[in-house]
Every structure is written in structure tokens, then in C-alpha cells.
Amino acid sequence: MDRILIFLLDSSNAILVLMLVSLGLAVIFGLMNVINMAHGEFLVLGAYGVLTLQWAGLPFAACLVIAPMLVALIGLAAEELLIRRTYERLLDTILATWGLSLVLRQGLVLIYGPGSHAVAAPDMGSVPVFGEIYPVYRLVVMALSAAAIAFTFWVFFRTALGLQARAVIANRNMAACLGINTRMLDRLTFAFGAGLAGLAGAVMSPLISVDPNAGLGWLVPGFLSILVAGLGSLSGPIVGAAGVGAVDSLAAAISSPVWAQLTVFVAAIIVIRFFPQGLMALKRREA
Amino acid sequence: MLEIQELHAGYGGGEVLRGLSLGVAHGEIVALLGRNGMGKTTLLRCIMGLLPHAAGSIRLEGQPLSGLDCFEIARRGVAYVPQGREIFGQLTVEENLRLAALRGGTIETGYDLFPGLRARAKDPGGSLSGGQQQQLAIARAMVAKPRLLLLDEPSEGIQPSVVNEIADIVTRSVRSMGLSVLLVEQNTDLALRVADRAVFVDHGVDAASIASRAVTREILASYMEL
Amino acid sequence: MENLSRRGVLKGAASVALAAALPMPAVLGAGTIKIGVVQPFSGGLELFGNQAKLGLDLAAAEINAAGGIGGSTVELIYEDDKTDPKTAVERATSLIRKDGVMAISGPITSNNRDAMMPTMSRSKVPLLYATNYEGGGCDRYLFSFNTVPNQELEQLIPALKENAGDSFYMFGADYVWPQKMFEAAETIVTGLGGKSAGKEFTPWGVKDFAPVVRRVKDSGAKCLLFALPGADGITFIRQAEDLGLLNDVTVGFLGFAETYLGAFGEGKGQNMWVTVPFAASMTDPGPAEFVAKIRKAAGDGVPISHYAFTHYNSLNAVKAALEKTGKMDSEGLVDGLTELNVKTPTGDILIGKDHHVTMNMFLAKTEGAGLAVVKPLGAIAPAPGCA
């Protein structure tokens, strides 16, 4: 029994971070129809942000707060300088953001070098959980991720800003006809999505190798998550990430990471084959 | 309060408006009449800033609207009820109204106009009947406290009995608030009943401007029949 | 990357002057000996490409300063393979056809090497490969200057067994090098009467290793033979440490290089055992001088690993081989390299008939911010698996 609980705890950790990543992707895609290939790099920037702020002598908790904000600012700049010129041309958004990802990655290589860096892990000790000694920081990662997801939903479903964003997602022109500044919302949303990726990178930074290529390992399952669940809603990526993450963790726990990756891809292909609109579309149809 | 001069606009290569001029006075209801494809909807989209115009000018209270974004035009007091209503189907009735009330105004304006909406406040807009959706679209426009209301085919796809009821409510409200209205409507009887004046649009220009009462069957026939 | 343009060309101007002044044997033509370098300088493995460059640059500078090879200057022509096999083949082809190089140094990955070899054999230009690999690369035109599995494992496994325990879990990346490595390891473990507690592989890019860490813990293994190179390896070690695995098992880190140091975090990643042909922390005069020379050229901050060392050796072997045969072409180089003794900072290496090297090896472990040599293991002959 304890083994199962520990497994659930371990996988919740991976799933919650994946949710953050795919939520950021979905927010950006939903509002702007931009497929953000640079999302992985935004995540990595979050990790590098923590690294840099730590070098500057800031306490870890402050780094966790500031780094995602810096990534959001970078996202804002990227939107203003590059992304907005590609709106309404889906293929161009892919090319533009892919180019952006190369620039960001190479920028990191030039500034920080190609090698791995270590973010000093906050020394929070361990607590006994279900008969295992569990590192407290992992619990913090889960709590922060869950809080950020809840915050995102609160913003989108409980604030005027979120209401306007949902209106823009549903019907951009009509939203503008009601006096909503859609450009401003584009900026804010892109920055917010980038910030979510930055947060994911920041909270994970002590648990991974911080290197310029670290983003890809999240980008792929992130995309898979929103593809599997469908792009129509904000709960899509949550459901998708839960599915992808759970299948991955379960298969990895039962067999090996090689089989896990294979299982995830096969499962995703089957889902997309039979529910091309995603799992969430199925639920909507039944409702 | 609205002055349009020599407006040219179109989609892609084709010009739809070819030098249309038009004025709407304070508190005046103007019906735009004419056959399909003559540029009535195009004109409303131009006023709203959804479609750029190639030449000519649009002024609201003497201020030029040319080059402004749609949201800026909306914030200057132009409200739009588009053809097909375009309510936010996944948002609730109340959320639809709240969106319009974000910049001053209150959703109560909308409920007062159509009290039936209040009972559906928490339902998604998409679940309403056609008539109710039209009520919501009009209520949403009125909540924003506009100075100029653009109505595009408000009677389309709605039962005749409901149409008249809605028309009466809207007319009464508009009159009492002193709003200016530009109405595009296929139902000419309805249009002429509520409007002060009819402007006939033909091939992208204003062909005639006649007080509603003075519009005869012959005039109608000459502009409306093929 | 600082000194590297697309065609970073290195020339020792002084040595050209020197070469002109010296009398030369007739067979040796004056001019330049062009050696192509196909290494990753972008695309993920640039760290290793840069290590190779450190060693090659130093060797070329030294050779040219001492009069070149038989009066000819060594010219290195660098090409970036972007860590991609197709690019590697393109670059190699262009170096052979357009630049007429005598040999090519590189690449890092087995994929790129396998992709390049048909071109090398067909063009009869030798590939000087100085990366540790799985073995089995047996070709007249391939020379390996780094280790094959038995050289890393032969002494490492007994040392782990003695110091940590006799059950071994094996975990690595899902490609040929770890697979061959573990095959060799299983033979050695069984031969020593040890137990294999499990073996598994992972694809690249995995970010959550908790399931693997739990499984290794549950297996009760005392030693973990670890063959997951690069950033993924660092991620695994960080999570294994976080989840308390490193208290239970001792890691035998295969394919270790000093470039990893510092990436685990301060005071982390300690007591991991390795067998290497070279460590930057060695205090003997030879290695110490080698380290000092590279630091002088490239700055104090650079990590210096066995990759710099083996690539350095490979170019010195070219000089020794050409001077041995006196034939300044690719065939002369191949003939000269075979069964050649080459002096290196850690003692002589012997290039065998099968084109792999017998080298002095060292047992070491991570300690503080560096690699501490536990003991020299003496020369270990390669078992490259050539028929």
C-alpha cells in the first residue's frame, strides 16, 4: 500500500510540472493561435533565471518568485518584437517561435556556456511520508505547481481580465467590438504563458541539469498533452497532462523509461486516431 | 452625430462601397435599405473599424474614426449588434453582459431591457433560443451605454411575433435614451415602422434618403426588387 | 567557441620560418599537412567538441613550434558537425575532396562515427577517433585513441565490489555504447562471483527519474553502474541524490569526464567511482605540465578532461607515425600508426595491430570539486572485439 502511495506522490510531482508546461502552451495557443515552439526555452530561461539570481546572492525563495517574472518580461518582448507579426498565419508562428527557440538556446550557450550548471538545492531536509524519507523540496514543487495552476484558473474564470481573455479566445472581433483591447490581452497572455513555463523551469531547477537544451524534454510531452485532450479549453491541458504523465509514470514504474516513452506515444496515437478533436471534445459532445 | 463622406471600401480586390455618404443625427433612427450585396453590412463593419476603408471619412461627433482600432471606436460609444448575433456561446448570459459593462455601465441595464434574461443568467449563451440570443446581443450592446447603435439584421431567423415585441422594446428604449441608430434590416415593413428615415443603398452608393413616412411602394420596388 | 570561425585555421607562423631553414629529407615535402577536424561545436555536445579542440590546438601548436612534421606545418581545419550524422558526413566529404586532408579527427558520437566510416574507407583517409566507445570499430582507416569497455570496467568493478558490495544494478541510455558496456560488465561481474541486481535503459530527454530511482533502491543493489552521458546523467544523479539513493548505492560512473564536475552542485555527486586514462588533478609532472599548458592557452576556468588528453595524443601519434614511415600521405600515416608507440603525458601508449590503444589507466573518485586518483592501474590493453 505504501509503495502505491509513494508511487502516486512521485508521479504527482512529474504530472503537476507537466501540467504547468502544457497550461502555458494552451493559454498561448488558445488566445493567439500561436504554436509556441520556444516554450521549452522559456522553461529553461526560468531555470537560468534562478541560477543567475542565486549567483547574485538572492535567497532561493526570492529567485523562485523573480525568475518567472523575468521570463514573462522576455515573453512580452518576444511577443512585441516577433510573434505579433505572425498572427493568423499558423505555419509562420511555428517557424518564428522555432527560430526564437534557436536564438534563445544559442544565446544561453554564448552567455553561460554549453555545459550543465547546478542550482543549489534549498536545504529543506526530508520528512517521513508513507514509510519513505521524502525530500521536502519535492513536496514544495508540488504545492507551488498546484497553486500556480489554481491561480491560472482563478485569473481566467474569476477576474475581469480572464473574462476578457476568454471572450477574445471565443471571438476576437466581437470582443474588440465590446471595447476590449485585444492587443493588450495578446501581450499579457503571451507573457503569462511564458511566465508559467518560467515557473516550471524555476521550481524544477534544483532537480535537473540546467543546460541550454533542457527544454525539449518537456516541450514534447507538453504538446502531446494538449493534442491528446484537445485545444478547446483550459482544462484540456490539465486532463492531457494528467493522462500523459500518468501513463508515463505508470509504465516507467512497471517496466522501464524506454517502454514508458513508447507506451505514451502509442497511447497518444490511438487517442488522436479515434478522437481527433481530443478527449475533451468527447466529453463536450456527451454533455 | 455620425457623418460619412465619400466612403470607399471592399474586400481583397473588389470594391463594395463606392463613395457612399450618409449622416445620422442625434436621436435619429436611420434604416439602411437595399438589395443583398449592396454594401450595407460592409458599411457597418467600416464604421466599427473591423474593415479599413480605402478613401473617404467617418466622423463621430466631429471626431474622425479613421485609423482607430475597433476597441477604441467601441470605447467612443459605438455599439454593434452584428448579423448572426455573435454572442459568446460558451460564456454565461451574465458574463456576456459583464464584458460590455467593464467600462462603465451596469448589467442591470440589460436585465431591465429584457427581464427574461435574468432567469437564464447562469446558462451559457449558446443554450438560449434564437430570440433570446438576439435579446442578449442587443442587451449586451445597450449595457455599454453607447451613443450610436449599429444593428445588422436583428430580425433574421426569429419568429415574427417575437420580432415585433423585441422591436417595440428596443425602439422605446432607444427613444427614451436619445440614442442614434443605424439599422440594416431585410424586413422593410419593420424597418420603416421604427426608423425616422430610410437610406437606400445601391451598388455601394447612397441612392436616396427619404423620410420613412414618405416611402411609397414604388420607391421600395425600384430599390428592393431585382 | 571564442577562437572558432567556421573555418578556424591554426597556423604557427614561427614554425614555417623554422621549417624553411632546416634541411629536409627528399621524401618529405615542405608545406602543410592538413588534418580535418569534424567535431560537435553546436547541437548539444559542444562541450565535448570544445574538449577535443583544447587537446588538438595544443598538440598542433607544439608540433609546429618544434619544426612541424618533417618540415611541414600542421594545419587543423575545423568543421562543426552540429552533433548530427548527416552533417558529419557532409563535412568529412568536403574536407577530403576540397581540402585534401590527410586524416580527420573526430567525431564524438558513435552515430556520427558509423555514418562517416564508409566515406573514410572509400576515400582511404584515416579517421582518428579519440572518444571512449563500445568497441567493434575495426577498419584499416579507423584508429581509436580512447578506451573501449574492458579498459574502464576491468578494474572498476573489482574495486566497487571490494569497497561497496557485490550486487550491481546497471542503468544507462538506450543506445549501443551503454548496451555493450553492460554486456562486458555482466561478464566481469559474473566472473568475480558478483550478482547482477538489474539492468535497464532510458531514452534521452527524460526529466523524472523517480521510478528508476525507486526500482534501484528496491533491488537492494550496492553498486550502480551508470552509463547515461550528458545532461540527462546529471539530472539523474541530482534526483537520485535528492531521493536518497546515493546513501544506499555507490555509483560507478562510466564515460565520466571532468566536464561533469560542478554540474551536480556544491558538495553533491560525491564518491562516484571512475576509471579514466587521465585526470586533471594528477600531480605527476607529465599530466601537471599538460594541464598547465592548456590552462595557459585557454584560461584557468576551463575543465580539462581525458577528451582533451586523448585528442592531444592522437595528433602527436600522427607526427610520430609520419616520421616513422617518412611517407607524407594517408597510406603512409595508416602504416605508421599501426603498432606504434607514442609518448603521452601519462606514459607511453601503444597503438595495436587492431588500431586500438593500450593505455595507463587510473582508478579515481569524485571528491570535493574534483576527481581524486585512488590508484594508478598501470597499462590496460583494449579488447576492441575485432575478429
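Chain C is assigned domain 1 (9–147 + 283–355) and domain 2 (149–276 + 363–380), with bounds that come from an automatic or database domain assignment. Keep in mind that this is a predicted model, where local features need pLDDT of at least 70, side-chain atom pairs count only at pLDDT 80 or more, and totals for chains, interfaces and linings use all residues. Residues are numbered from 1 along each chain as its sequence is written, while chains are lettered from A and ligands numbered from 1 in the order in which they are written.

**The two domains of chain C**

- The C-alpha centres of domain 1 and domain 2 of chain C are 30 Å apart.
- Where they meet, 13 residues of domain 1 of chain C are in contact with 13 residues of domain 2 of chain C; two residues are in contact if their C-beta atoms, placed from the backbone, lie within 7 Å.
- On the domain 1 side of this contact, α2 and α11 (306–325) of chain C are the elements that give two or more residues. Helices (H or I, at least four residues) and strands (E, at least two) are DSSP runs, numbered from the N terminus.
- By class, that domain 1 side has five nonpolar, seven polar and one charged residues. Here Ala, Val, Leu, Ile, Met, Phe, Trp, Tyr, Cys and Pro count as nonpolar, Asp, Glu, Lys and Arg as charged, and the others, Gly among them, as polar.

**A closer look at helix α6 of chain C**

- Helix α6 (residues 176–191) of chain C has 16 residues, which at 1.5 Å a residue should span 22 Å; its end C-alpha atoms are 23 Å apart, which agrees. The expected span is 1.5 Å times one less than the number of residues.
- The buried residues of α6(C) are C:W177, C:P178, C:M181, C:F182, C:A184, C:A185 and C:V189. A residue is buried if 20 or more other C-beta atoms lie within 10 Å of its own, exposed if 12 or fewer, and partly exposed in between, with C-beta atoms placed from the backbone.
- Seen down the axis of α6(C), these buried residues fall within an arc of 165 degrees, so they line one face of the helix. The arc is that of the directions from the helix axis to the C-beta atoms.
- On the other side of α6(C), C:T190 and C:G191 are exposed.
- Packing against the buried residues of α6(C) are α4 (110–123), α5 (149–163), β7 (167–173), β8 and β9 (223–227) of chain C.
- After α6(C) comes C:G193, whose phi is positive, near 80 degrees.

**Where chain C touches chain A**

- This contact takes 30 residues from chain C and 29 residues from chain A.
- On the chain C side, α2 (46–65), β8 (195–202), α7 (210–219) and α8 (230–242) give two or more residues, and the largest share, six residues, comes from α8(C).
- That side of chain C has 12 nonpolar, nine polar and nine charged residues.

**Chain B**

- The domain assignment gives chain B domain 1 (2–77 + 147–224) and domain 2 (86–145), and their C-alpha centres lie 23 Å apart.
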